Amino acid sequence: MIKYVYANYKQIYYDLTERGKNRATDTSECYERHHIVPRCLGGDDSAVNMTTLTCREHFLAHWLLTRIYTDNRKIVYAFLCMLRDP
């Protein structure tokens, strides 16, 4: 019998972006700024819509967005761009 695990992608995304809001950065780690509400969904560049994520977290955030907004071509394109960048 196969058991399926249904992840709550929105909650995971929320937790991930919240973690970076007041993060103390470390010079030994790579960080990137991330729009919590993507610009293609009406988000802006205001401070309340930005978070600081590690490079790994940033990649995961974009992957989660593709799971949340499966039919949004701009979200998928942004993730695909992350895959091709070295």
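Tutor: The discussion below takes the assignments in turn, from the whole chain to single residues. Please keep in mind that this is a predicted model.

Student: What makes up the secondary structure of the chain, and which pattern does the chain follow?

Tutor: The chain comes to three helices and two strands, and along the sequence they follow the pattern α-β-β-α-α. The C-alpha atoms fill a box of roughly 45 × 30 × 30 Å along the principal axes. Of the 86 residues, 31% count as buried.

Student: Why is Thr-52 called buried?

Tutor: Thr-52 has a relative accessibility of 14%. Buried means under 20%, so at 14% Thr-52 is counted as buried. Thr-52 belongs to strand S2. Beyond its neighbours within four places in sequence, Thr-52 is in contact with Gly-20, Arg-23, Thr-25, Tyr-31, Glu-32 and Arg-33.

Student: Which residues of H2 are buried, and what covers them?

Tutor: The buried residues of H2 are Glu-57, His-58, Ala-61, His-62, Leu-64, Leu-65, Thr-66 and Ile-68. Their cover includes helices H1 (9-19) and H3 (73-84), together with strands S1 (31-35) and S2 (50-54). As background on such spacing, an α-helix has 3.6 residues a turn, so residues three or four places apart point the same way.

Student: Why does His-62 count as buried?

Tutor: His-62, a residue of helix H2, has 14% relative accessibility. The limit is under 20%, so His-62 at 14% counts as buried. Leaving out residues up to four places away in sequence, His-62 touches His-34, Ala-78, Phe-79 and Met-82.

Student: What makes a set of residues the largest nonpolar core here, and which residues belong to it?

Tutor: The members of a nonpolar core must be buried residues of the nonpolar kinds that are joined through side-chain atoms within 4.5 Å. The largest such core has nine residues: Tyr-13, Leu-16, Ile-36, Leu-53, Ala-61, Leu-64, Leu-65, Ile-68 and Ile-75. H1 and H2 each supply at least two residues of this core, and H2 gives the most, with four. Leu-65 touches Tyr-13, His-34, Pro-38 and Ile-75, apart from residues up to four places away in sequence.

Student: Which residues line the largest pocket, and how are they divided by class?

Tutor: The lining consists of Arg-33, His-34, His-35, Pro-38, Arg-39, Cys-40, His-58, His-62, Leu-65, Lys-74, Ile-75 and Ala-78. By class, five are nonpolar, four polar and three charged. The volume of the largest pocket is about 200 Å³.

Definitions and conventions
Residues are numbered from 1 along each chain as its sequence is written. This is a predicted model: local features need pLDDT of at least 70, side-chain atom pairs count only at pLDDT 80 or more; totals for chains, interfaces and linings use all residues. Side-chain values use heavy atoms; hydrogens and water are left out. Buried means under 20% relative accessible area, exposed over 50%, partly exposed in between (1.4 Å probe, protein chains only). Contact means heavy atoms within 4.5 Å. On a 1 Å grid over the protein atoms alone, a cavity is a set of points where a 1.4 Å probe fits but cannot get out, and a pocket is an open set with protein on both sides within 12 Å along at least five of seven lines; lining residues have an atom within 4 Å of a point. Grid points are joined across faces, edges and corners, and a volume is the space filled by probe spheres set on the points. Ala, Val, Leu, Ile, Met, Phe, Trp, Tyr, Cys and Pro count as nonpolar, Asp, Glu, Lys and Arg as charged, and the others, Gly among them, as polar.
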